[in-house]
Amino acid sequence: MDGTLLDSEPLWDIAMEDLALRHGIVMSPALRESTLGNSLPDAMSKVYAAAGIGPESQDRSGDERWLLDHVAGLFGAGLPWRPGARDALELVRSSALPMVLVTNTVRELTDIALETIGPHRFTATVCGDEVAAGKPEPDPYLRAASLLGLRPDQCLAVEDSPAGTAAATAAGCPTLVVPSAAPVPAGSLRSFRESLVDLTADDLVDAWTGQHPAHRPTGRDMQG
């Protein structure tokens, strides 16, 4: 969702920078990049570590509530689409393919974002607070495939972040990577595209068949 469908990472930038300031540090570009696509607990842990705040001094529940309220206010002011994302969703929907929204964002914020995206587009949604472990662990994608009654290797994930891509491929999903705020390294089950602009059904088929173990062609570079 964040960074793939919606250009909401800049809003998370503001919120995470303000969380860092709340704990007396300035968020460096490296620290911010390390939190991209993370679950909320993991992102908070990295801020605590950078600020030198030990477990005994952490107010996780208070900081989480503060951050969720802050982001909700930012989301409520408007969420812009990523280039080509709306057309890509309509392409898949018109093809009668089921879609699941898989996000590390918690349910209460996802529901705000869905007012922009449209919940009717999805067969189901999986949020970061609805699984045992969020991205980069495979749990969100394993749950998404299960909700569709499919194996992960029968699904195509579309991701923008290192953490999200790691989660999808760890689950066994061929993954189309459209990087946004941070570079994503090449790897198994990964094909790449600069944006979702002018995405076609053939592009989706190529991304899946090119990275699927049973259908992967030889002598063809799918990382371009």
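Start by selecting H1, residues 9-22, and keep in mind that this is a predicted model. How far apart are the end C-alpha atoms of H1? They sit 19 Å apart, and since 14 residues at 1.5 Å a residue should span 20 Å, the two values agree.

Now colour the buried residues of H1: Glu9, Leu11, Trp12, Ala15, Met16, Leu19 and Ala20. An α-helix has 3.6 residues a turn, so residues three or four places apart point the same way. After H1 comes Gly24, with a positive phi near 80°.

Hop over to Thr35, in helix H2 (residues 29-35). Is Thr35 buried or exposed? It's buried, because its relative accessible area is 3%. Beyond its neighbours within four places in sequence, Thr35 is in contact with Met16, Ala43 and Lys46.

Next, bring up the largest nonpolar core, which has 44 residues. Leu5, Leu6, Leu67, Phe75, Ile117 and Phe122 touch the most other members. Helices H1, H3, H4, H5, H6 and H9 each supply at least two residues of this core, and H1 gives the largest share, 6 residues.

Zoom in on Phe122. Skipping residues up to four places away in sequence, Phe122 touches Leu5, Leu89, Met99, Val100, Leu101, Leu114 and Ile117.

Last stop: a second, separate core of 14 residues, where you can pick out Val131, Tyr141, Ala145 and Ala167, among others.

Definitions and conventions:
Residues numbered from 1 in each chain as written. Predicted model: local features only at pLDDT ≥ 70, side-chain atom pairs only at ≥ 80, totals over all residues. Heavy atoms only, no water. Helix = DSSP H or I, 4+ residues; strand = E, 2+ residues; numbered from the N terminus. Buried < 20%, exposed > 50% of the residue type's maximum accessible area, 1.4 Å probe, protein only. Contact = heavy atoms within 4.5 Å. Core = buried A, V, L, I, M, F, W, Y, C linked by side-chain atoms within 4.5 Å. Expected span 1.5 Å × (residues − 1).
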